[in-house]
Amino acid sequence: LGIIRAGGFALLLTALLAGYFHLRNRAFSPALAEARLQALQARIRPHFLYNSINAVLSLIRSDPKQAETALLDMADLFRVLMRDNRELVPLADELELCRQYLGLEKLRLSDRLSVEWHLNNMPGDALVPPLMLQPLLENAVYHGIEPSSAPGVVSINIFLKGGDVHAILRNPYRAEGGRHHAGNKMALANIRERLKLHFDAEGALESRVRDATYEVRIRIPYRTAKSAS
């Protein structure tokens with residue numbers, strides 16, 4: 001009787017595992033993953049562009065050369081935001097996009113915004129989901145810098161360790177931020193799901209508040225165009 005029960009339990013467990021992997025394979029099938037990536041990408045809204053337009057307009061008379069440079073950066077950012085962004089891109093390209101974005105925000109916020117880059121061990125050829133970092137930096141500015149008139153620092157630390165690419169973003173956190181903090185969750189959920197679709201369990205995103213600092217940590221496997229081919 002015990003053998004029969006054990007055999008029945010084993011069959012039930014096998015059926016459950018088979019069902020799980022069947023559903024999992026369906027969830028990560030190429031067609032469904034592509035459709036889901038497209039839907040997630042469509043939810044990214046470039047709110048900063050509207051603020052940047054006003055900042056550039058204020059420069060047209062006082063500093064036309066800087067205004068022209070800012071408009072070119074805005075055009076580059078707009079092209080990236082509007083294109084089909086389901087394919088992985090080099091990390092160096094994503095970082096250039098982030099520099100352009102933060103440069104525009106610097107025009108608007110001036111000395112209130114300082115940026116620290118820690119990229120000495122960054123693998124620029126690593127493939128990452130497009131717009132993986134820029135929405136997080138937009139959150140860092142909106143939630144960490146804008147609510148206060150005091151200067152604040154946004155820190156970007158990207159490095160290679162143990163075959164994985166790590167990105168750590170930090171910005172000031174104030175408990176009285178109110179609604180400014182509530183909007184973080186949508187961007188985090190969007191990027192977390194895109195990491196899962198691209199890298200499955202090898203990609204992860206975590207966030208926490210520590211010592212008046214909001215911190216986002218991303219980990220993805222180190223893949224390059226050469227290794228993929």
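Student: Which residues make the nonpolar surface patch of about 420 Å²?
Tutor: Tyr-50, Ile-53, Leu-57 and Ile-60. Patch residues have over 30% relative accessible area and no salt bridge; nonpolar side chains are joined within 5 Å, like charges within 9 Å. Areas are Shrake-Rupley with a 1.4 Å probe. This is a predicted model: local features need pLDDT of at least 70, side-chain atom pairs pLDDT 80 or more, while totals for chains, interfaces and linings use all residues. Numbering runs from 1 along each chain as its sequence is written, and side-chain values use heavy atoms, without hydrogens and water.
Student: Where is Tyr-50?
Tutor: In helix α3, residues 47-62. Helices are DSSP runs of H or I, at least four residues; strands are E, at least two. Tyr-50 is exposed, at 56% relative accessibility (buried is under 20%, exposed over 50%, partly exposed in between).
Student: New topic. How many salt bridges?
Tutor: The count is 7, taking a Lys or Arg side-chain nitrogen within 4 Å of an Asp or Glu carboxyl oxygen.
Student: What does Arg-79 pair with?
Tutor: Asp-76, with the closest N and O atoms 2.3 Å apart. They sit 3 residues apart in helix α4, so about one helical turn separates them.
Student: And which residue does Glu-202 bridge to?
Tutor: Arg-223, at 2.9 Å between the closest N and O atoms. Both lie in loops, Glu-202 between α8 and β6 and Arg-223 between β7 and α9, so the pair ties together parts 21 residues apart in sequence.
Student: Is Glu-215 buried or exposed?
Tutor: Buried, at 5% relative accessibility. Glu-215 meets Arg-217 in a salt bridge (2.7 Å, N to O). Arg-170, Arg-208, Glu-215 and Arg-217 form a salt-bridge network.

Terms used: Buried < 20%, exposed > 50% of the residue type's maximum accessible area, 1.4 Å probe, protein only.
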